[in-house]
Amino acid sequence: MNPLKDRTVLFSALAGFLYGLFCRLAFTFNWSQKLVTVMSIGFLMVMPLAVGFISAFLAVRAGQRGPVAWLALPILTTIALIISSFLLFWEGIICLIMLFPVALIMAVIGGAVGALCARRFGATPVLCVAMLPFVVSAAEHWAGPANEVREVATRIAIKAAPATVWREIERVAPIRVEEQRFSWCQKIGFPRPIEATLTGQGVGAVRHATFAGGVLFVETVTLWEPDQRLGFDIHADTVNISPRTLDEHVTIGGQYFDTLHGEYRIEPQPDGSTVLHLASRHRLSTTFNFYAHLWTDAVMRDIQENILYVIRNRCEKPGAKLP
């Protein structure tokens, strides 16, 4: 008998799936936003755990045994929930990709615990676990998010003189798609860089860094040392960012994430070449910064490395190499 076709397995998976849909709806209502939020440990981590627990618990109680009950069911149910969230336009692709790894891990843990409890206890654990996402999220809402400022530093070696590198960083001419390297964060929906213009010179000058999808950063120069360092405070023009470009949960300059400062540093080398450093600071404001920062750091690093790649190639073109 194929266990995936067994009614017990299907019923258990359906119960976990419907519970997950109920949680998503309950966390979406306007009245519930005063108590719970999707951007919480309660929803992102405890809810998948509860889904895995419920599906495995019911399957084992009905006589199902083995990895199908505690491993396959939680995974399949969680994948179905994620796909449904995308099809129903509840979440954008960026958020779902970031949720996917931790949701699967928590669902498997929940499934293992659910299978164990099903052999020793009655129905009480299911009721308790089903309430857990709401209790945890409400407690987080009361405690508030943790504000954390993080820095991401990148660098690249360039076979060009500092003066050449400086000309390419104070302004960035329009970037063609073919100039860029592979960028995984662009593949999942983050906009690609287009150009950076400069109005004025010296401290107080303003750069306008444009990205695809109407994303604009207004960068006020705070550090101006020609051929050495260029630093700027960053303000995202959130008014003109289309909701189609970035999901509200990952909008730059929004409630949960913002870019604050960027700085280029040109390091001359003995052979006349240059090492170009690019560092940035960003704000992260969630109750799960311990997980969210893995993604924000990785996204910022990917964006910076892509920009450095473009600058290096431009500096090393014929006619722009070492004197």
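Trainee: Where is the place of Thr78?

Mentor: Thr78 has its place in helix H3, a helix being a DSSP run of H or I with at least four residues, numbered from the N terminus. The model is predicted, so local features need pLDDT of at least 70 and side-chain atom pairs count only at pLDDT 80 or more, while totals for chains, interfaces and linings use all residues. Residues are numbered from 1 along each chain as its sequence is written, and side-chain values use heavy atoms, with hydrogens and water left out.

Trainee: Why does Thr78 count as buried?

Mentor: Buried means under 20% relative accessible area, exposed over 50% and partly exposed in between, with a 1.4 Å probe and protein chains only. Thr78 has 4% relative accessibility and therefore counts as buried.

Trainee: Which residues is Thr78 in contact with, leaving aside its neighbours within four places in sequence?

Mentor: They are Val51, Ala103, Leu104 and Ala107, where contact means heavy atoms within 4.5 Å.

Trainee: What span does helix H1 reach, and what is expected?

Mentor: The expected span is 1.5 Å times one less than the number of residues. H1 (residues 7-26) has 20 residues and reaches 28 Å from its first C-alpha to its last, close to the expected 28 Å. Its buried residues, among them Val9, Phe17 and Leu21, pack against helix H2 (41-61), helix H3 (67-87) and helix H5 (124-143).

Trainee: Why are H1 and H5 called roughly parallel?

Mentor: Axes are lines fitted to C-alpha atoms, for helices over the stretch in contact, and angles run from 0 to 180 degrees between N-to-C directions. Angles under 35 degrees count as roughly parallel, over 145 as roughly antiparallel, 65 to 115 as roughly perpendicular and the rest as oblique. The axes of H1 and H5 come within 11 Å and cross at roughly 25 degrees; the two helices are therefore roughly parallel. Tyr19, Phe22, Cys23 and Ala26 in H1 meet Val129, Ala130, Pro133 and Phe134 in H5. The residues of this contact divide into 8 nonpolar, no polar and no charged, with Ala, Val, Leu, Ile, Met, Phe, Trp, Tyr, Cys and Pro counted as nonpolar, Asp, Glu, Lys and Arg as charged, and the others, Gly among them, as polar.

Trainee: What makes H6 and H8 oblique to each other?

Mentor: The axes of H6 (residues 162-170) and H8 (residues 289-315) come within 10 Å and cross at roughly 130 degrees. H6 and H8 are therefore oblique.
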